[in-house]
Every structure is written in C-alpha cells, then in structure tokens.
Amino acid sequence: MEKTIEDPPTSAVLLDHCHFSQVIFNSVEKFYIPGGDVTCRYTFTQHFIPRQKDWIGIFRCSLNWTIQLLITPDTGSIWHQVGWKTVREYYTFMWVTLPIDLNNKSAKQQEVQFKAYYLPKDDEYYQFCYVDQDGVVRGASIPFQFRPENEEDILVVTTQGEVEEIEQHNKELCKENQVLKDSCVSLQKQNSDIQAELQKKQEELETLQSINKKLELKVKEQKDYWETELLQLKEQNQKMSTENEKMGIRVDQLQAQLSTQEKEMEKLVQGDQDKTEQLEHLKKENGHLFLSLTEQRKDQKKLEQTVEEMKQNETTAMKKQQELMDENFDLSRRLSEKKMICNALQREKERLEGENDLLKRENSRLLSYMGLDFNSLPYQVPTSDEGGAGQNPGLVYGNPYSGIQESSSPSQLSIKKCPICKADGICDHTLEQQQMQALCLNCPICDKIFPATEKQIFEDHVFCHSL
C-alpha cells in the first residue's frame with residue numbers, strides 16, 4: 001500500500017462500532033480511468049463536526065465479501081463494503097480540509113482530489129471511507145474500479161450452465177436484498193428513536209444553558225461585590241502604606257539611637273570582657289591560689305617542707321580549703337564591685353599607665369630583694385628613684401607590694417641554696433635555672449611561671465595580687 005507524507009491516525013476499531021451515515025459521498029462513478037486525478041465529493045450531516053486530523057482513504061474491496069446497503073430517510077442509499085476489517089488497511093489517503101463556517105450550508109459540501117500517481121493500478125474494487133482522528137469510520141462510498149472506459153463494450157460469451165449459475169446467484173441476491181430491506185426498516189426505527197432522544201438531550205441542553213445564564217448573573221454580581229471590597233482594601237492598604245512610611249521614619253530614628261547605645265554598650269562590654277577574662281584566669285588558677293595563699297602565711301624558706309606537710313596533712317588542708325573558698329567568695333564580691341566602676345577605670349586609663357610604671361619599678365626592687373638577676377629577665381622595668389620604704393602618694397589603691405617589702409629580707413633572698421646539690425652561691429644548676437628564667441616570667445608573689453610571649457597575661461596576673 002502506498003502512503004503520502006505522514007501516516008494518518010488509525011485504530012483497530014471493528015466495523016460494528018463505526019457510523020457510516022455521518023458523512024455521505026456524492027457523485028461516485030462506477031469506474032475511473034487510470035492515469036487521471038480522481039475528485040472525491042462528500043457531504044457532512046447535520047450533527048457531525050469534522051476535526052483537524054480527519055482523513056479520507058481508498059480501501060480495497062473483495063468480491064467474495066457481501067456488499068451491504070444502508071437506507072436513511074435523509075440521505076438515501078449509503079453503501080459500505082466489508083472487504084476490509086480495520087482502517088489500517090487503506091491503500092492511500094488525503095487529509096480533510098476543515099470548512100471555515102460549519103453553519104453555512106455550502107460548507108457542508110466538501111471535496112478532496114487524489115493524484116493519479118498514488119491511485120491503484122489494478123482493476124479491483126475500491127471505495128472511499130471517511131475516518132476521523134480517533135480512527136473511527138464515519139462514512140463509506142459505493143464500490144468502484146480503475147479501468148479503461150471501453151471495457152464495458154466487450155462482448156462476453158457464456159455457456160448455458162454459467163447463465164443458470166448467474167440466475168441462481170441473482171435469486172440469492174434478491175433474497176439478501178429483502179433481508180437488507182427488513183434490516184433497513186429496523187434501522188429507520190432506531191434512527192427515529194435516536195432522533196427523539198437527541199431532541200430530549202437538546203431540551204436538557206437548553207435547560208442547562210438557562211441555568212448557566214443565571215449562574216453567570218450571580219457570578220457577575222459576586223464579582224462586582226468583590227471589586228467593591230477590593231477597592232476598599234486598596235484604600236485601607238494606602239492608609240497602611242502611609243502609616244508604614246511614618247513607622248519607617250520612626251524606626252530609622254530608633255535605629256540611630258540603638259546604634260549609639262550599641263557603641264556605648266560595646267565599650268561597656270569590652271570593659272566587662274576584660275574583667276571576665278581576669279575572672280576566668282582566677283578560676284583556672286583556683287588550685288594555685290590555694291597554695292599561694294598558704295605560702296603567704298608562711299616563710300618562703302619553708303616552701304618545700306610546706307608542700308610535703310600538705311600531702312601528709314590532708315585533713316588540715318581541707319579546712320584551709322574551706323577558708324580559701326570563703327576568701328575566693330570575698331574576691332568574687334570585690335570583683336563585682338570592680339565591674340561597677342568599669343567606666344571610671346576607663347577614664348583613669350592614663351593615670352593607671354603611670355601607676356603601671358611605678359609598679360614596674362617596685363617589681364624590679366622586689367626582684368632584687370628575692371635574689372633574682374634583673375638583667376637576665378626578658379621583662380625589665382626601670383629602677384625606682386624614690387626608694388621602696390615609702391608609699392607613692394599618686395597610687396589610687398596604694399602600693400600592692402608594701403606588705404611584702406616589710407616582711408622580706410633582702411639579705412635572705414639574695415643568697416639561695418641550690419635545691420639539687422644544696423650548695424651555696426652559684427653552681428651549674430643555678431646557672432641553668434637562670435637561663436630558663438631568661439626565657440620566662442616569674443611572679444614575684446606566688447612564683448608562677450609565664451612564657452615570655454605572654455607578657456600581658458603576666459602583668460594582669462601581678463596586678464590581680466593587688467586587688
């Protein structure tokens with residue numbers, strides 16, 4: 001079978017489910033001369049609506065199959081051949097041209113032209129069939145042939161037996177024709193019933209259209225109501241926008257005030273953070289404070305003996321720990337009081353720097369009392385010109401090392417014994433210890449050792465002893 005350009009939509013729908021009376025083929029010849037184009041004319045019935053993918057195909061008929069005749073009161077004779085089973089058995093096809101206006105009577109009359117190149121070349125019987133885009137046959141023409149015109153003038157000589165056979169065949173055809181007529185009467189009755197049902201459906205459609213119009217009026221009224229509400233909402237939105245602008249100006253003012261307060265808060269937080277760091281150092285050194293406060297009540301010469309006594313007298317140490325906890329609570333209370341005067345400490349920064357210089361001088365003098373080599377320390381402070389006995393009147397909280405100076409003897413601190421070889425004076429061990437001290441910072445109060453890179457922490461630790 002030959003095809004043109006694109007395959008049409010087909011299906012395996014059987015002939016029993018097709019509607020052959022919806023499209024009627026007009027002026028179909030009994031035969032067409034081969035080598036010429038064929039024009040197929042057809043008419044749409046009243047209730048049929050063509051679609052874009054509808055097509056008209058040429059299907060091959062077989063003489064061994066029965067030719068059925070359908071009679072309708074509107075269109076007359078409608079033929080269809082049952083020599084093929086599905087619409088996929090077409091020989092060739094052409095797409096249907098959709099009319100512009102189906103309501104126009106002239107639009108019901110349509111035609112397509114099949115080119116001679118695509119037409120069959122044999123003398124078998126064929127017929128036109130209209131197939132919609134769902135693959136359902138909507139109309140079929142009477143059978144026709146493609147043969148020369150002079151074939152009708154050929155004299156056919158038959159025998160008596162063939163004539164009798166033809167007569168017998170004609171009688172059978174007459175009987176079948178009577179059966180078809182009876183079937184046609186039944187189909188006419190079915191058609192009238194369908195027309196009555198269609199009229200009923202039309203009345204229901206008009207009722208639904210009336211209801212639809214009422215619903216459209218209600219929808220229009222509801223739409224008008226919504227538009228009125230929308231207008232009111234727009235006016236309210238405009239008022240809210242104006243108020244929002246005023247609130248935005250107010251928010252900008254509050255943000256400016258907040259920014260100023262945040263800057264002030266940052267200063268307070270910075271001061272509080274410094275005190276917090278000091279508090280953290282105090283918490284980390286809580287164990288060391290226990291030893292430091294015990295060592296302050298005893299002579300520095302008995303330091304090693306005190307450590308051994310602390311291991312042996314654990315019960316006495318627990319009591320002293322309670323006392324230290326009380327003292328630690330007192331220190332925490334004093335620290336909270338110091339936080340309250342944080343702003344005052346900020347304003348006293350320059351004065352504290354001066355005091356720091358004086359403390360460094362005092363620290364140098366204390367180091368000399370403790371017998372340490374001042375030049376070997378990485379952290380050096382200038383010597384005091386005023387002497388160590390008197391208290392500097394420029395200090396706000398007094399000299400933190402005044403109590404240590406009175407209770408310490410320079411002569412006792414300047415001469416130390418080596419803890420390893422017990423030798424007086426300078427030995428290899430003391431020289432090694434001095435080299436280690438040159439790489440670190442020793443607290444003059446509690447002998448805590450700090451790396452030389454943590455100079456600021458060392459100064460803060462020494463300052464904490466004065467609090």
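**Note on charged pairs and buried residues**

1. Start with glutamate 285. Its side chain makes a polar contact with the side chain of lysine 448, at 2.4 Å. Glutamate 285 sits in the loop between helix H1 and helix H2 (286-296). Its relative accessible area is 9%, so glutamate 285 is buried. Please keep in mind that this is a predicted model.

2. Next, the salt bridges. The structure holds 9 of them. One joins aspartate 37 and lysine 115, whose closest N and O atoms are 4.0 Å apart. Aspartate 37 lies in the loop between strand E2 (31-32) and strand E3 (38-44), and lysine 115 in the loop between E8 and E9, so the pair ties together parts that are 78 residues apart in sequence. Aspartate 37 is partly exposed, because its relative accessible area is 41%. Lysine 115 is partly exposed too, at 43%.

3. Another salt bridge runs between arginine 51 and aspartate 134. Here the closest N and O atoms are 2.6 Å apart. This pair links distant parts of the chain, 83 residues apart. Arginine 51 is in the loop between E3 and strand E4 (55-61). Aspartate 134 is in the loop between E9 and E10. Are these two residues buried or partly exposed? Arginine 51 has 30% relative accessibility, so it counts as partly exposed. Aspartate 134, with a relative accessible area of 44%, is also partly exposed.

4. Buried means under 20% relative accessible area. Glutamate 459 has 18%, so it is buried. Lysine 360 has 17%, so it is buried as well.

5. Some salt bridges share partners. Through them, Arg51, Asp132, Asp134 and Arg138 are joined into one network. Where does aspartate 132 lie? It is in the loop between strand E9 (125-131) and strand E10 (137-140). Aspartate 132 counts as buried, because its relative accessibility is 2%. Its side chain also reaches the backbone nitrogen of aspartate 134, at 3.1 Å.

6. Proline 120 has its place in the loop between strand E8 (109-114) and E9. At 3% relative accessibility, proline 120 counts as buried.

7. Last, the surface. Asp272, Asp274, Glu277 and Glu280 gather there in a patch of negative charge. Aspartate 272 has its place in helix H1 (residues 160-284). How does aspartate 272 count by accessibility? Its relative accessibility is 34%, so aspartate 272 counts as partly exposed.

How values were computed: Residues numbered from 1 in each chain as written. Predicted model: local features only at pLDDT ≥ 70, side-chain atom pairs only at ≥ 80, totals over all residues. Heavy atoms only, no water. Patch = residues over 30% accessible without salt bridge, like charges linked within 9 Å, V, L, I, M, F, W, Y side chains within 5 Å. Areas by Shrake-Rupley, 256 points an atom, 1.4 Å probe, with all protein chains shown as cover. Salt bridge = Lys/Arg side-chain N within 4 Å of Asp/Glu carboxyl O. Lys, Arg positive; Asp, Glu negative; His and termini not counted. Charge placed at Lys NZ, Arg CZ, Asp CG, Glu CD. Helix = DSSP H or I, 4+ residues; strand = E, 2+ residues; numbered from the N terminus. Buried < 20%, exposed > 50% of the residue type's maximum accessible area, 1.4 Å probe, protein only. Polar contact = N/O pair within 3.5 Å; in protein donor to acceptor, adjacent residues only side chain to side chain.
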